[in-house]
Number of protein chains: 2
Amino acid sequence: MKKLSIVDIANELKVSKTTVSFILNGRAKEKRIGEDLVERVTKYVEEVGYKPNSLAKSLRTGKSNTIGLMVEDISNPFFASIARLIEDRAYKNGYKIIYCSTDNDTQKTRELISMFRDRHVDGYIIAPPEGIEDDVEQLLKDGLPVVMFDRHLPKVNTDYVEIDNLFSTYNATRHLIQQGYKNIGFVTFASSQTQMLARMQGYKDALKESRFAPVVKEIVFNQDEEMIIKPMMAFFKKHQDLDAVVFGTNHVGTCGLKVFNTLGIKVPGDMAVISFDDYDVFKLYSPPVTAIAQPVEEIADNVITVLLKKLNTKGGSTASHSIILKTNLQIRGSSSGLKID
Amino acid sequence: MKKLSIVDIANELKVSKTTVSFILNGRAKEKRIGEDLVERVTKYVEEVGYKPNSLAKSLRTGKSNTIGLMVEDISNPFFASIARLIEDRAYKNGYKIIYCSTDNDTQKTRELISMFRDRHVDGYIIAPPEGIEDDVEQLLKDGLPVVMFDRHLPKVNTDYVEIDNLFSTYNATRHLIQQGYKNIGFVTFASSQTQMLARMQGYKDALKESRFAPVVKEIVFNQDEEMIIKPMMAFFKKHQDLDAVVFGTNHVGTCGLKVFNTLGIKVPGDMAVISFDDYDVFKLYSPPVTAIAQPVEEIADNVITVLLKKLNTKGGSTASHSIILKTNLQIRGSSSGLKID
């Protein structure tokens, strides 16, 4: 079969080369090209069997129109919803997203960066584990834009989109104190990532202001949920004086609710509850659980906007943005005030 | 800098070429190579700056050790957990997974297949939308293995892993009938995919046996949850005689619970509930929701086992497997029997 070029297609259909190119690169919507024309071009292309090899094209143009997205764990609803929103917005802008889970594993993340690199990814969106500073520096040195989200690497000067973690847990803990709770625990995953340290600090700051003593349980993350529930069960059995708890992540919060169900701990009668991250489990629990809602749409919007700006700036400026977004404390039945006897 | 080969590295460190290769390809764990040796090799490789280009390697060996995984929507907990499990198992076998959401959009899926193809993906795992038969046929013709899951394309002869959808809803509906319910609705997404047709049929078969009339609501999928909740609200307001409902997917089920909360419909007093798919929302709801639990670990295991077998068979046999797994009806408080007045 004769190998057709975009020019051949454009001549045959009497439309411009640019239009054909936009359509074949999935940018028709963005460029407001009419559906009739899109269908005429794609139909013809199917008939004649024209297949642009995008890798060959990427070697020629230096662009693959693909973005690599690395989350910690795609089965976590927070990362899953962010990934979905980023994918949507990227697709509307003519970019495809390929993603993978880092598992917070430094070695795995380095391998994945290298794989993305060999596959000519144009830009990187990473929720970074610790220890990948050198790899990210190398990407930046080679002119490949990197935007981080959820947390950042303090020693690497690159763009990131985060939320105000410290204020979020400070504010949530203050809310419990104002409701009359005095023995407030904090249960979270053991981590020295920036966002997790800040969440811990916000909780401690609020308690310190009121001269209450912190009661903290840090649990080592485990894929097997039973290994998270067991130590939490022991913690709540030991600290029967707690009247409220702040959970550091949605995953910890969900496990906590399971522990309360098993131990027969009533919410909020025996224990007031606030969890980081908002999702359906918290909305549909009885009583609904007060949650620190991250602005997932805004996070996704900002991440993709910053990255697209970098991608569209030839020889891109190296000035980096830190965007810190606000969370929203969704107050629900699980943190309502203590009954005064 | 002198370009080093694997042989140079092996000679310098006095270890075998194969060992170095396994380590650099991330297969050390699988090959039970000691951590000390792995560290010695990776450290040396870092020092000398050896960078294997895996795409160049894949052009040479014809293998990229990458698998493309296409789910419908990564923000759906069912697909997110399957993706995570497949990623885990693939990684342990020396394969990396890159994934993306098809959105059930035929055109987007075709573009994604073409992108994966240009990136030298070794094999494909797809929860297929309709209309991609030709693209899959072309992959198979070119010797690229494809395993489908969740649903299949009846006209394409390839491996797939599914569950027994018809029996699952038949069995769930029978359970409601045995509990004394007589006006049982079925609420689902409008779809002509194999798995959704089978779920509908199972429900209808059970009702027919008992000579009850089906009451079905098919909702057009929408990213905006409000557009799912609204028609469902109207449906339940109209059919006040319903005493039980089977939801066709976890997403529909979650929206249904939100509708019941808003309308003040008590579960199971006003309405007994069973949903397809089991996840934390259903486990933690009061009362906990009876769910048709898919064996997600088994699905992931079977998908990756079938695909690896194909990948490891040179010039692979074309015989295809259909693996149909059983679901488990998790009976909980939401479907307990009618009070006899």
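## Salt bridges and the interface between chains A and B

The count between chain B and chain A is nine salt bridges, a salt bridge being a side-chain nitrogen of Lys or Arg within 4 Å of a carboxyl oxygen of Asp or Glu. Over all chains, a search of the whole structure gives 35 salt bridges.

This is a predicted model, in which local features need pLDDT of at least 70 and side-chain atom pairs count only at pLDDT 80 or more, while totals for chains, interfaces and linings use all residues. Residues are numbered from 1 along each chain as its sequence is written, chains are lettered from A and ligands numbered from 1 in the order in which they are written, and side-chain values use heavy atoms, with hydrogens and water left out.

### Chain A

Chain A has 13 helices and twelve strands. Helices (H or I, at least four residues) and strands (E, at least two) are DSSP runs, numbered from the N terminus. The C-alpha trace of chain A spans about 85 × 40 × 35 Å along its principal axes. Of its 341 residues, 53% count as buried; buried means under 20% relative accessible area, exposed over 50%, and partly exposed in between (1.4 Å probe, protein chains only). Among the contacts in chain A with a separation of 6 or more, 69% come from residues 24 or more positions apart. Contact here means heavy atoms within 4.5 Å.

### How the two copies are placed

Chain B superposes on chain A by a rotation of 179° with 0.1 Å of shift along its axis, at an RMSD of 0.2 Å. The two copies are thus related as by a two-fold rotation axis. The superposition is by least squares on the C-alpha atoms of residues with pLDDT of at least 70 in both copies. B:Val281 is the residue of chain B that comes closest to the rotation axis, with its C-alpha at 2.4 Å.

### The interface

In the interface, 49 residues of chain B are in contact with 50 residues of chain A. Of the interface residues of chain B, 100% are also interface residues in chain A, so the copies meet through the same surface.

The size of an interface is often given as the accessible area lost when the parts come together. Between chain B and chain A the buried area is about 4300 Å², and carbon and sulfur atoms give 52% of it. This area is the accessible area (1.4 Å probe) that two parts lose on being put together, summed over both.

Several elements of chain B give two or more residues to the side that touches chain A, including helix H5 (77-92), strand S2 (96-101) and helix H12 (280-284).

### Individual salt bridges

| Pair | Distance |
|---|---|
| B:Arg84 and A:Asp73 | 2.6 Å |
| A:Lys258 and A:Glu225 | 2.7 Å |
| A:Arg110 and A:Asp135 | 3.0 Å |
| A:Glu87 and B:Lys108 | 4.0 Å |

A:Glu87 forms a salt bridge with B:Lys108. This pair crosses between chains, from helix H5 (residues 77-92) of chain A to helix H6 (residues 106-118) of chain B. Both A:Glu87 and B:Lys108 are buried.

A:Arg110 and A:Asp135 meet in a salt bridge within chain A. They are 25 residues apart, A:Arg110 in helix H6 and A:Asp135 in helix H7 (residues 133-141). A:Arg110 is partly exposed at 24% relative accessible area, whereas A:Asp135 is buried at 16%.

A:Lys258 and A:Glu225 also meet in a salt bridge. A:Lys258 lies in helix H11 (residues 250-263) and A:Glu225 in the loop between strand S7 (215-219) and helix H10 (226-238), 33 residues apart. The relative accessibility of A:Lys258 is 15%, so this residue counts as buried, while A:Glu225 is partly exposed at 24%.

In chain B, B:Lys258 is found in helix H11 and counts as buried at 16% relative accessibility. Its side chain makes a polar contact with that of B:Glu225 at 2.7 Å. Among the residues that B:Lys258 touches are A:Asp280, A:Lys283 and A:Leu284 of chain A.

Key
Polar contact = N/O pair within 3.5 Å; in protein donor to acceptor, adjacent residues only side chain to side chain. Lists of a residue's contacts leave out its neighbours within four places in sequence.
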